Amino acid sequence: MKFSFIAPVAVMLLIAASSARADGFATCDSGPKDKWQAQEKLSASLKEKGWQVRRIKEDGGCYEVYALDEKGKRVEVYFHPVTLAPVPKGAKNFRG
């Protein structure tokens, strides 16, 4: 009887643990952080294009940007922190 309760709980814990470790939709080969450009520079560049930047964070060695693009569409886009080049979704170890 105990096994029938413990097994489903163990499976749920394994699923939760594996999803918590997952990186975002891309990763960057970005090198040391002292070579990265400032998030403010990326934000200013995107604002010049008409974007409304909501948040920029680090994810998988990339900058992950949450914004409204020039058409007002909500977007989540990755940028290489050294080159500030857009990273294709699903890219692994993108070098920019």
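# Questions on a predicted chain

Buried residues (under 20% relative accessible area; exposed is over 50%, partly exposed in between; 1.4 Å probe, protein chains only) make up 30% of the 96 residues in the chain. This is a predicted model: local features need pLDDT of at least 70, side-chain atom pairs count only at pLDDT 80 or more, and totals for chains, interfaces and linings use all residues. Residues are numbered from 1 along each chain as its sequence is written, and side-chain values use heavy atoms, with hydrogens and water left out.

Q: In what order do the elements of the chain run from the N terminus on?
A: Helices (H or I, at least four residues) and strands (E, at least two) are DSSP runs, numbered from the N terminus. The chain has 2 helices and 4 strands. Their order is α-α-β-β-β-β.

Q: Which residues does the disulfide join?
A: A disulfide is a pair of cysteine sulfur atoms within 2.5 Å. A search of the whole structure finds 1. Its S to S distance is 2.0 Å, and the residues joined are C28 and C62.

Q: How many residues apart are C28 and C62?
A: C28 sits in the loop between α1 (2-21) and α2 (39-48). C62 belongs to strand β2 (residues 62-68). The pair links distant parts of the chain, and the separation is 34 residues.

Q: Is the disulfide of C28 and C62 right-handed or left-handed?
A: The answer rests on the torsion about the S-S bond. That torsion is about 105 degrees, so the disulfide is right-handed.

Q: Within what arc do the buried residues of α2 fall?
A: In α2, the buried residues are L42, S43 and L46. They line one face of the helix, because, seen down the axis of α2, they fall within an arc of 100 degrees. The arc is that of the directions from the helix axis to the C-beta atoms. The value is 100 degrees.

Q: Which exposed residues does the face of α2 turned away from its buried side carry?
A: The buried residues of α2 pack against β1 (52-59), β2 and β3 (74-79). The face turned away from that buried side carries E40, K47 and E48.

Conventions: Contact = heavy atoms within 4.5 Å.
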